[in-house]
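Please keep the sequence and the coordinates at hand while reading.

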Amino acid sequence: MSTLVSSALFDLPSAPLQLLSLDWLQQAGVEVAVLRLDLIDPELSGNKWYKLSHHLAAARETGCPGLLSLGGPHSNHLHALAAAGRRYGLPTVGLLRGTEQLTPTVADLLEFGMQLHWLGYGGYRARHRDDFWTPWLERYPGYRCVPEGGGGLVGALGCVPLVAQLDAQLGELGWSDHHGWWLAVGTGTTLEGLVIGEGGRRPVFGALAGPPSHAVARQLGNLLGEAGMPDGGYLLLDASRGGFGRFDSALISFLKETEHASGIPLEPVYTAKAMMALRLYVEGGYFSRGTRLVFVHTGGLQGRRAALAQWPS
């Protein structure tokens, strides 16, 4: 898509590690540490800053006049992109799914200065067409097109440093090593970055936030091939609970119970689903006693404002 450059211009921070103390983990003899990407920045939190880092660096180094991307009215990706654009002086344009509406996320996008265009649903489905970006680049010449969700190999390479960052912190927990990663998966970009960074050393478990029909597995295979990597080193499992962005009372109850017990905030679209799937696998005996896992908190907490409003306490 465009030239890859170093993201060092943006001095990506290391996320703190926090041991997770929950009854179901203790009973199974499994240790879990949470990589708190939600704490790295008040606006560019979670995995989004990593996925955007190469795009931002390339835009700055090439004198790009702005950034153009797309997402839904609760999009964590657009939220981070708009915040990054404001911080680094890059105009941003968001192409949004559906009809015009005001959500907490959309209000933030407007405050951050993002120019919004609503595509409807049919127009948004056209995003996979080869000529989708052509009219938008005619309207915004020279802008850098960032894939939906910050996906693609450029985004994945921005996540590769997470492996080295984690390795450097294991000693703080008294761990000499760990036995695998566990994280929520939307586009699969962060998982791909971890797989590339691990190079087969440790497995990466991806809890799908959307149904398997979204073909994340095929996309991962293609992108790993593009990166010159074998299609392996990870396992995808269905944690979608009926579909992307869908959640039920059982999930919300689990979210609130886990937050109360751990002090770690979650949201129902990604992190709560991933944590609930982890509990099912742990309680099902998938991991032997003594297993040590790293759960990646991928952020997305800005999106919980609208989601949890549907489930009052």
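## Basis of the description

Helices are DSSP runs of H or I with at least four residues, numbered from the N terminus. The model described here is predicted, and every value below was computed from it.

## Helix H9

Helix H9 is mostly covered, since nine of its 10 residues are buried, namely Thr189, Thr190, Leu191, Glu192, Gly193, Leu194, Val195, Ile196 and Glu198. Just after H9 comes glycine 199, which adopts a positive phi of about 60 degrees.

Threonine 189 belongs to H9, which covers residues 189-198, and threonine 189 counts as buried because its relative accessibility is 2%, where the cut-off for buried is under 20%. Leaving aside neighbours within four places in sequence, threonine 189 is in contact with Lys51, Gly150, Gly151, Gly152, Gly155 and Ala156. Valine 195 is likewise placed in helix H9 and, with a relative accessibility of 4%, counts as buried. Not counting residues up to four places away in sequence, valine 195 touches Gly200, Val204, Leu224, Met229, Gly232, Gly233 and Tyr234. Valine 195 and isoleucine 252, for their part, are 57 residues apart in sequence, and their C-alpha atoms are 30 Å apart in space.

## Histidine 79 and the second largest pocket

The second largest pocket has a volume of about 190 Å³. It is lined by 13 residues, of which Pro42, Glu43, Ser45, His79 and Gln302 are the closest to its centre. Sorted by class, the lining of this pocket consists of four nonpolar, five polar and four charged residues, and helix H3 (residues 76-88) gives the most to the lining, with three residues.

Histidine 79 is found in helix H3, and its relative accessible area of 8% is the reason why histidine 79 is classed as buried. When residues up to four places away in sequence are not counted, histidine 79 touches Glu43, Thr105, Asp108, Leu109, Phe112, Gln302 and Arg305.

## Helix H12

Does the length of helix H12 agree or disagree with what its 13 residues should span? At 1.5 Å a residue, the 13 residues of H12 (residues 271-283) should span 18 Å, and because the end C-alpha atoms of H12 are 18 Å apart, the two values agree. The expected span is taken as 1.5 Å times one less than the number of residues.

Within H12, the residues Thr271, Ala272, Lys273, Ala274, Met275, Met276, Ala277, Leu278 and Val282 are buried. Helix H12 is followed by glycine 285, whose phi is positive, near 80 degrees.

## Cysteines

How many disulfides does a search of the whole structure find? The search finds zero disulfides. Cysteine 145 is in no disulfide, and the nearest cysteine sulfur, that of cysteine 64, is 8.8 Å away, whereas a disulfide would need the two sulfur atoms to lie within 2.5 Å. Cysteine 145 has a relative accessibility of 9% and therefore counts as buried.

Cysteine 159 is also in no disulfide, and its nearest cysteine sulfur, that of cysteine 145, is 20 Å away. With a relative accessibility of 0%, cysteine 159 counts as buried.

Methods. Residues numbered from 1 in each chain as written. Predicted model: local features only at pLDDT ≥ 70, side-chain atom pairs only at ≥ 80, totals over all residues. Heavy atoms only, no water. Buried < 20%, exposed > 50% of the residue type's maximum accessible area, 1.4 Å probe, protein only. Helix = DSSP H or I, 4+ residues; strand = E, 2+ residues; numbered from the N terminus. 1 Å grid on protein atoms, 1.4 Å probe; cavity = no way out; pocket = protein on both sides within 12 Å on 5 of 7 lines; lining within 4 Å. Points joined across faces, edges and corners; volume = space filled by probe spheres on them. Nonpolar A, V, L, I, M, F, W, Y, C, P; charged D, E, K, R; others polar. Contact = heavy atoms within 4.5 Å.
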